[in-house]
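Student: I would like to go through this structure with you, one feature at a time. Please show it first.

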Amino acid sequence: MAASHANGRCFPFINDRRSIVNRGVTILILNSGMAAAADSAEGLLTSKAGRGLAFACSFAVCLLAAGALAITVLGRPHGPAISLDLPEEVGVKAGAPARPASPETAVAGPVTKPTYAGKALLADPALVENTAQGPLPRIADDGRKPMTAYAAPAPAGKFKIAIMVSGLGLSAIATRTALDSLPAGVTLGFAPYADDVGQWVAQARGKGHEVLLEIPMEPYDFPDSDPGPHTLRAGQEEEDNTQRLTWALTRFTGYAGVTNLLGQRFLSDSEALSPTLTYLARRGLYFFDNGAASQSVAPMVAAQVGIPAAQSGAAVDTIPTALEIDRRLSELETQARANGSAVGSAFLYPVSIARIASWARGLESRGFVLVPVSAIVTAPKP
């Protein structure tokens with residue numbers, strides 16, 4: 001999965017259009033030359049001088065046409081190359097984030113007073129360490145943690161199912177569709193890259209959703225699959241990974257926990273993962289393993305370092321068809337009946353949003369309740 005770039009893609013068809021324009025100029029000149037020659041022939045061929053003038057005009061026009069044709073075929077425009085930067089839309093491949101135009105700048109400003117999105121808490125100075133990069137979550141002096149302060153309310157029920165949909169914030173159209181379609185019980189994962197991600201998070205919180213921050217982590221085929229700037233890397237110095245993690249944590253506020261963006265290699269390396277989960281635990285967050293890494297050691301490491309955590313099985317839209325998604329959602333119901341709870345994940349595919357929304361509408365009639373991920377996480381044993 002190749003990641004797209006920060007401020008969009010450079011579309012070569014713009015240069016193709018310039019070539020088409022040049023060819024059009026050539027054809028126009030040729031047509032004009034033929035018309036001029038015809039007009040000259042009609043008015044001036046009656047005299048020897050007229051015939052000479054007509055020949056000279058035709059020769060000049062042919063020279064202009066030949067020059068234009070040479071520029072079109074062989075030449076290069078002297079002005080700067082024309083390119084069009086457009087934001088990458090989420091669509092074909094999961095985990096292929098757009099990147100910001102200025103990834104080093106702070107997206108969210110200092111938090112100086114409590115901020116709400118509707119009735120949902122979005123930022124609290126007591127839960128924030130204001131830094132030059134942006135607001136960094138922390139455990140309040142009175143012991144309150146972001147994972148509880150920013151958690152969405154969970155309805156009571158015997159059989160609980162949590163669903164986390166990732167990839168929000170990268171495409172305005174897809175994000176808006178998700179916010180308009182999905183019930184509040186669905187937890188939403190936001191990548192840290194878009195400059196307006198904080199605005200989308202505020203809207204999600206205002207609609208009652210619990211929010212997770214997606215942390216870019218190294219996949220097995222890195223850099224062919226690239227989660228984006230500031231990716232946490234296996235084999236990297238702990239300080240370097242902590243700096244990259246801090247950058248992501250300061251992009252916006254209001255998230256109760258974090259989840260992985262790709263990360264198959266990183267999540268399978270306990271030596272790399274342990275200090276990361278330790279840092280998150282000290283910041284009062286929970287960790288959600290979205291199931292992308294089949295060899296993930298996250299549950300084991302989470303228990304060792306004492307961070308509340310949950311793990312999804314394979315995503316319900318690993319095969320992104322309506323029939324397969326419906327089948328996997330039905331399996332979550334079976335798991336919840338057997339174990340009391342189940343948790344799944346999905347990406348922001350249009351078919352995923354449509355099927356999850358349809359499935360959730362009949363959930364209570366079948367004896368289940370849709371809860372945020374925070375209601376499923378396993379607290380560490382003392």
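Student: In which hand does helix 10 pass helix 11 in their crossing?

Tutor: This is a predicted model, in which local features need pLDDT of at least 70, side-chain atom pairs count only at pLDDT 80 or more, and totals for chains, interfaces and linings use all residues. Residues are numbered from 1 along each chain as its sequence is written, and side-chain values use heavy atoms, with hydrogens and water left out. A crossing is left-handed if the near helix is turned anticlockwise from the far one by less than a right angle, and right-handed if clockwise. By that rule, the crossing of helix 10 and helix 11 is right-handed.

Student: At what angle do helix 10 and helix 11 pack, and which class does that give?

Tutor: Axes are lines fitted to C-alpha atoms, for helices over the stretch in contact, and angles run from 0 to 180 degrees between N-to-C directions. Helix 10 (residues 322-339) and helix 11 (residues 350-361) have axes 10 Å apart and pack at about 45 degrees. Angles under 35 degrees count as roughly parallel, over 145 as roughly antiparallel, 65 to 115 as roughly perpendicular and the rest as oblique. The pair is therefore oblique.

Student: How many charged residues are in the contact of helix 10 with helix 11?

Tutor: Contact means heavy atoms within 4.5 Å. Helix 10 contributes Ala322, Ile325, Asp326, Leu329 and Glu333, and helix 11 contributes Val351, Ser352, Arg355, Ile356 and Trp359. Ala, Val, Leu, Ile, Met, Phe, Trp, Tyr, Cys and Pro count as nonpolar, Asp, Glu, Lys and Arg as charged, and the others, Gly among them, as polar. The contact has six nonpolar residues, one polar and, as charged residues, three.

Student: Is proline 350 buried or exposed?

Tutor: Proline 350 sits in helix 11. Its C-alpha atom is 8.2 Å from that of threonine 177, a residue 173 places away along the chain. Buried means under 20% relative accessible area, exposed over 50%, partly exposed in between (1.4 Å probe, protein chains only). Because its relative accessibility is 64%, proline 350 is exposed.

Student: How are helix 4 and helix 5 oriented to each other?

Tutor: The axes of helix 4 (residues 172-181) and helix 5 (residues 197-206) come within 11 Å and cross at roughly 10 degrees. Ala172, Thr175, Arg176 and Leu179 of helix 4 meet Trp200, Gln203 and Ala204 of helix 5. By class, these are four nonpolar, two polar and one charged. At that crossing angle the two helices are therefore roughly parallel.

Student: What is the class of the angle between helix 8 and helix 9?

Tutor: Helix 8 (residues 270-282) packs against helix 9 (residues 298-305) at about 50 degrees, with the axes 9 Å apart. That angle makes the pair oblique.

Student: Which residues of helix 9 make the contact with helix 8?

Tutor: The crossing of the two helices is right-handed. Helix 8 brings Ser270, Leu273, Ser274, Leu277 and Thr278. The contact has seven nonpolar residues, three polar and no charged. From helix 9 come Ala298, Met300, Val301, Ala302 and Val305.

Student: Which peptide bond is cis?

Tutor: The loop to look at lies between strand 9 (211-217) and helix 6 (238-249), and holds proline 223. With omega near 5 degrees, the cis bond runs from phenylalanine 222 to proline 223.

Student: Is glutamate 218 buried or exposed?

Tutor: Glutamate 218 is in the loop between strand 9 and helix 6. Not counting residues up to four places away in sequence, it touches Thr231, Leu232, Arg233, Ala234, Gly263, Gln264, Arg265 and Phe266. Because its relative accessibility is 6%, glutamate 218 is buried.

Student: What is phi of leucine 262?

Tutor: Leucine 262 belongs to strand 10 (residues 257-262), and at 7% relative accessibility it is buried. Phi is positive here in a residue other than glycine, with a value near 60 degrees.

Student: How many strands are in the chain?

Tutor: Helices (H or I, at least four residues) and strands (E, at least two) are DSSP runs, numbered from the N terminus. The chain has 382 residues, of which 47% count as buried. Besides 11 helices, the number of strands is 14.
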